[in-house]
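I am opening a notebook on a structure that I have not looked at before. My plan is to take one topic at a time and to write down what I looked up.

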Amino acid sequence: MMKFRLYYLLLPLLMGCSAKYHTVVDQVLPARVPAIAQMRSLTLVDRAQEANLGTRLGTGDLYTQGNVRFLQTCASKLPVSATVFPKSQRDANAGSPAPRLNSAEVREFGGVSEGLLCLEQLFPREIRTYETYDKHQLDEQGKDYYIRAVRGTKSMTLSALWRLYEVRTGRVIVELPYLAEEVFEAEGLDQTSVNTKLDTLHNFRPEQLQQRSMEMFLADVLPTPIESNWLYYRKGSSLMERSAELLEARRYHDAVRLFEANASSIDRLKKPERAILNWATVLFLDGQRQEALDKAYEGMNRYGSGDFSVFIKKVRSYE
């Protein structure tokens with residue numbers, strides 16, 4: 001918690017002195033499950049029951065749409081061209097996934113797509129457990145005594161299963177099961193009061209688990225970018241403003257040339273150390289690692305460590 005508080009305390013200071021961070025992708029790790037990213041095109045089909053966690057779905061848009069909107073959100077985040085079959089199939093039973101499709105069914109749903117990605121299960125379950133125990137108390141004189149109490153736990157789970165079929169052959173390429181869970185606890189003098197607390201103090205929306213299951217799925221099938229943040233300054237002179245604009249446009253080489261052309265004027269700036277840091281930063285981002293270190297050491301020797309020591313340590317970590 002203290003880290004978050006510290007961040008919010010420092011943020012106004014950074015913004016006040018016109019400091020910003022430039023984010024770059026250092027490398028991209030391949031997906032843990034690469035099969036989906038290797039497809040040229042996909043069709044997504046909802047074959048699960050709605051994850052309603054007790055809500056009645058007799059009429060209305062949710063009943064007719066099923067999980068189609070959920071799949072549309074997933075499809076928009078996939079690294080391949082993906083379309084969603086417009087009607088939910090509801091082939092799954094309450095507690096088990098939908099049975100595997102045969103080759104003809106795969107071709108029927110998949111059409112011209114290379115892959116067919118099916119949501120085969122999205123099954124919610126709520127489990128409550130109770131424990132009776134002796135709860136320690138103090139009377140008005142400060143003496144110990146115990147009362148019988150109840151501790152209750154409400155576990156909300158959502159079981160999801162995805163299957164990827166190859167449309168040409170109808171075979172299953174990969175199955176991806178997930179379990180998303182939320183656990184709540186409450187105490188009371190009896191089970192009724194515990195249930196009341198579990199139902200009122202812990203307001204739960206089923207979409208939260210649905211969203212979490214999607215995040216787990218996407219984390220497995222999407223490449224993971226490894227990013228780093230680089231401090232730079234935006235204000236203080238026309239040189240600072242222009243160099244920051246070039247950096248933000250990712251025109252690092254042009255920013256280097258700008259500093260080289262204006263090197264003699266840097267010492268006359270109100271805060272020349274900021275210009276030197278920007279110069280070192282664009283040098284590094286332009287691929288001139290040693291030159292960036294040399295410029296940072298120059299700034300540290302002339303103006304003290306400050307931002308330069310942080311910059312040097314970060315650049316050294318790339319060795």
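Which residues form one aromatic cluster? I looked this up and found Phe70, Trp162, Tyr178 and Phe217. Before going further I note that this is a predicted model, in which local features need pLDDT of at least 70 and side-chain atom pairs count only at pLDDT 80 or more, while totals for chains, interfaces and linings use all residues. Residues are numbered from 1 along each chain as its sequence is written, and side-chain values use heavy atoms, with hydrogens and water left out.

**Aromatic pairs.** I counted rings of Phe, Tyr and Trp (its six-membered ring) as a pair if their centres lie within 6.5 Å, calling planes under 30 degrees apart stacked, over 60 edge-to-face and the rest tilted. By this rule the count comes to nine aromatic pairs. The rings of Trp162 and Phe217 are stacked, because their centres are 4.2 Å apart and their planes are at 10°. This pair links distant parts of the chain, with Trp162 in strand E5 (residues 144-166) and Phe217 in helix H6 (residues 206-221), 55 residues apart. Helices (H or I, at least four residues) and strands (E, at least two) are DSSP runs, numbered from the N terminus. I then checked burial, where buried means under 20% relative accessible area, exposed over 50% and partly exposed in between (1.4 Å probe, protein chains only). Trp162 is buried at 2% relative accessibility, and Phe217 is buried at 0%.

Next I looked at Trp230 and Phe284, an aromatic pair that is tilted, with 4.7 Å centre to centre and 40° between the planes. Here too distant parts of the chain are linked, since Trp230 lies in strand E7 and Phe284 in helix H9, 54 residues apart. Trp230 is buried with a relative accessible area of 1%, and Phe284 is buried with 13%.

**A pocket.** Trp230 came up again when I turned to the second largest pocket, whose lining also includes Tyr21, Leu231, Leu277, Thr281, Asp307, Val310, Phe311 and Lys314. A pocket, on a 1 Å grid over the protein atoms alone, is an open set of points where a 1.4 Å probe fits, with protein on both sides within 12 Å along at least five of seven lines, and lining residues have an atom within 4 Å of a point. The volume of the second largest pocket is about 160 Å³. Strand E7 (224-233), helix H9 (272-285) and helix H11 (307-316) are the elements that give two or more residues to its lining, and H11 gives the largest share, four residues.

**Helix H8.** Which residues of helix H8 (residues 252-261) are buried? I found Tyr252, Ala255, Val256, Leu258 and Phe259. Seen down the axis of H8, these buried residues fall within an arc of 160° (taken from the directions from the helix axis to the C-beta atoms), so they line one face of the helix. On the other side of H8, Arg257, Glu260 and Ala261 are exposed. What covers the buried residues of H8 includes strand E1 (19-29), helix H7 (238-248) and H9.

**A buried lysine.** Lastly I looked up Lys295, which is in helix H10 (residues 289-303). Lys295 is buried, with a relative accessible area of 12%. Leaving aside neighbours within four places in sequence, Lys295 is in contact (heavy atoms within 4.5 Å) with Ile276, Trp279, Ala280 and Leu283.

Key:
Points joined across faces, edges and corners; volume = space filled by probe spheres on them.
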